[in-house]
Amino acid sequence: MDPVRSFTGTSLRLEEERWREFVSDEGNQVIFNRFFTARDTCHLFVYQDPDLGLSLSTAFPQNIQSKIICVSKTGLEAATAENSGPVLIFQETDDVLNFLICVTEKVTCPLLSNLESSSRWVAGVADETLRFMERQKNEALVMKAQIEGCTFLPYPDGLHSDAVGGTRIYEETENMAQWHKLAGNVSDMKLLHACDWTIIEWAELVSEFLRRDSSQAVLDGAKPLPSEEFHFWKNRLKNLLFIQQQLMSSRAQQVASIAQKAESVYWSTLRDIYRDVQEGVKEAEDVTLNLSPLEKKLEEVEQMEYQQLRDNMASVMEEVRLLWIRSEFYCKSFRMVVLLQKICNLFIHLSRMYLRGQEVMRGLLSDPGLVLDDVRLVVWTLQAFKQAYSRIRTQLEDRSQDTVSQRWDFPSHLVFFHLDSFLQRLQGIQEVFSVSLQLYQLDRVVLSGVRGRMWTDVVQDVYQDFLCHVTVLSDCNCDPTDPDDQSFELHLDQFQVPVSDLERRLVSVLSRALGNCSVSSSAAKLVSMFGFVLDRPLIRDQLHPHLIRLVEMVLTELDQTEQVFWSQREKSKTLGMFSPTAAAGLCWTQQLRLRAEHSLRSYRTFQHLCVDSGESQLVQQKFQHIVDLLQDFRDRVKSDWSSRLDSDCGYILEQPLIQINQRGILGVNSSHKLEAVLRELRYVSRERGTELRPHAARLFARRDYITQIYLNLSQMVSCYNKVLSHILQVELPLIQDQLQDLNQTVSALQRKTWGSEDVQQLVQQQTDKVLVLYSSVSEARANMDAMTLIIQGWAELCLLQRSGDSLLEGGATEHIHGRIREEGQELLRLTQVNRTLYRVPDSSASWIRYLDHIEDKVQDGVFKLLRRSLHFLCDSMNPQSCSGALLAVSLQLKETGSVFEPSVGDDLLMKIISDIHTAASLQPRISMGRHGNYQHSPELSELEREVMQRLLQVREEAERLRAGLDRYSHLWQSDRQEVFQEFLTYSRQLGPEELEADKTPPTLKDFRREIDSLYRLSREVAHLDEVIVLHGWLQVDLRPFRDSLLSLIHDWKSMYTEFLLDSVSDSLQKVCQRGDAADEESSPSSSFPLTETIILLEAAGVELPEHLSAQLQC
């Protein structure tokens, strides 16, 4: 490989890493191996494929525009490291050969053969040059043909010379008659010698090609695939047709004609060449045609999932059989052996790809079970191929008993040499994984007992050591699926030695654990727990003494079971508490038998591990002896049971069906006795071989019939008694007629016994009647309960509800009203349903009393609803018991003065009380003899008076609150303009008694006094309470009143400040007109000092407009 690596790396400029990846590819390794070892593979091509990258092939690549490295062998021999220098030839090829051939044929040779162009040359130079160029062209054609896998037959140089009379012949002569005329006068020995030498060269080339055989790679020790067989015959046919085409060309005919006319000794050789090529073409066509179905089938197989191969082995071998039968030239033993070996190589190759080669051993740690299944699948698949081969071979032998040529007379081991070696390797891998899976189960082993923890730790140590050895084996770098890689056998031997040591350590633990087992069942559990390793020969042999002890333990347990039988057989009747006495005895014997079977089952758990001896037969005999004892005891118990049971059955059959006590309650007669007898009959039916006497047989035969009667009677009695015990006194008259009808049928049943015939229909009719009555009464009772729940629910309703801030929303909601309406209609509907169930007319006196009963319930529920709501209202208005404000009003400032909204008067609660009474009027009357609504009651009227009294008290308190706030009434009652005009005239507001006063214009100090007074008043109003709760339940919102009052105060203050702003504006305007601001203080037209006025405005929180501020800056 080193010369190939060096030349290829230099030519294609490959890095070392890229070359290593290229060589490590499994497909490339197969091609390299075939080229170096196969004698018929003479060329190797390395090139850059535009799609696949660096590629390798033994055939000349097509449509490759890049550089191609051609490695050729100088002879038909294998290339080794010692002879690689003289044997291998390295060449770089692009399109050089095609260029050389094209130039020679189209340019050089025509020029040299033209007399006019070569007449100026020295004599002989043109001819010699022409022959040289012809030889160069032939060598290029030969090389090109070799590169393409073909055989090119070169022609003699003399055909281009003047053969006769100085005439030059270069191009092929189409007129063969003319050529034969020329050839008849041949006297040039040089041309004849050239033709003879050409025939010899042709014979060597053709003979060398015909000697090539597809079995050469197999003989060289390689493992070719069937595709190489198909490729070989296709190339052989292609090359033979190419040779045949060359032999039939006009130039080849010229050579043949010259050899024939000159009576050359090589004429016969040339004829043999023609014959051999013709026969070779016939053979190749036959083989290629018959190989085609097999090739298609194998291509399909290669595309399948590996799991499908097993089912297609028979079809593959069928195609091989058809090839053997149909082909004239391929039905030879050596060819069939080679083909089958290549098919085996294909399946080996597919199997190794499926198992992923070096990844197999890594599966010991990841998923050994899955890998083991894959290995088993491969083994089964390859064995299926061998079985298919055997069937086809047998078919051919059976078919060709008279025709020996149809048989496969070659030994089978020649076919399966490599396959058997591969299967043997797989068996070794399978053994490794089987042992590993067995020992992996040690991780789940937990031993119990006094020393169970210690033994469990020892087993876990064994498991950890096993993991270490498995890890070492899984890390081996060899390919275990390659039979030629013997390093795996070394790793396998190194793995088996510590595994044997681990098995000895397990034997030590198992020996001690089995020695501590006191009963066979625990020993059987221990054997089952370690069953995955007990089949190992080493472990089984060393545990043999302990297994013998387990057999003795089983015999002891069987003896103890027999002793229990003899000691407890007289007490067996007292062992069953909830079953008949005889059944208890039979059950006891069954338990003893199960105990003996349990011991026998424990023995069978480890029986396969014991050496066959007489002890096994002794265990079986002891068990059978115990079974016979128990069976004899059971037979005696059954006989006594049958006699007693017959007497009880005779008594039952004579008893009446129904009995009635003094209170009129029904009961099923002899029910407990009947149930006991039926239960015993059920036990009898489970015991095989129990003989029943006449009365018992009669009752047993009618057990289903009597059981059905008993169930019907029980159901009828239960329903009848429930009707009588749960019925209300007001409901009893409604069903009196139906009860009388039922009592007549009950009297008829009292006259029937359990042995009477044809009573089932009577019982069924009575049961149906009782069920109908029970269903009607139960449904009516359920409707009455539903009505009671509705009425009781009204007492829990709250018609008055608080909002999120604990204030009453204003009365009962529409939701509650709607619910009361719906539930009232539901009461009417349920009442009508009950009338239908009881089947009574509307005018019936019993029905009217029933409606009055419901009406009383409704009236009580409505009364509780109203009382609850009024109590809630009364308690919420009690200052000592109220939990928060109930109602809310706000104090508003109107033009006429302060008022409450809504008004604190009778209307505040009348709407709420009206809603409460409205809810009471929503429920319609149930009884037809009652009218009106449910709201009239002295207790309710008293509650209403108490509510109105508390409303009167809070109204007086509210009026006192409003009167207290009238101290600010002058702000909304006085005319601001008149008051301000008095201020401008008298610098104050005149009192009521003052009619005349001296006119005194106000000063800036007077303005300050008035503004400060309004400011203090504003602060006082702002600190008023926002909300006041009167009597603990009426919430008064003062915020609207306060906000309106603050707005009035602001208007009063604005009246004074606007006047001052106008004064400042006038003063600034006059100052600007004079342009002398220095005299502004003494200006006669200025009412107030400008600076002090501005300071007063700023103190009052008034900002100067922008135009006034601009004038001050100027």
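Let's start with Arg362, which is partly exposed at a relative accessible area of 37% (buried means under 20%, exposed over 50% and partly exposed in between, with a 1.4 Å probe and protein chains only). Glu359 is partly exposed too, at 40% relative accessibility. Arg362 and Glu359 form a salt bridge, with 3.3 Å between the closest N and O atoms; the term covers a side-chain nitrogen of Lys or Arg within 4 Å of a carboxyl oxygen of Asp or Glu. The two sit three residues apart in helix α16 (residues 359-366), so about one helical turn separates them. Helices (H or I, at least four residues) are DSSP runs numbered from the N terminus.

## About the model

This is a predicted model, where local features need pLDDT of at least 70 and side-chain atom pairs count only at pLDDT 80 or more, while totals for chains, interfaces and linings use all residues. Residues are numbered from 1 along each chain as its sequence is written, and side-chain values use heavy atoms, leaving out hydrogens and water.

## A pair in helix α36

Glu942 and Arg945 join their side chains in a salt bridge of 2.4 Å, N to O. They are three residues apart in helix α36 (residues 938-964), so about one helical turn lies between them. Glu942 is partly exposed, at 42% relative accessibility.

## Neighbours and a network

Arg1042 and Asp1043 meet through their side chains in a salt bridge (3.6 Å, N to O). Here Arg1042 is buried at 13% relative accessibility, whereas Asp1043 is partly exposed at 44%.

Elsewhere, a network of salt bridges links Asp213, Glu283 and Arg335. Across the whole structure, the search finds 29 salt bridges.
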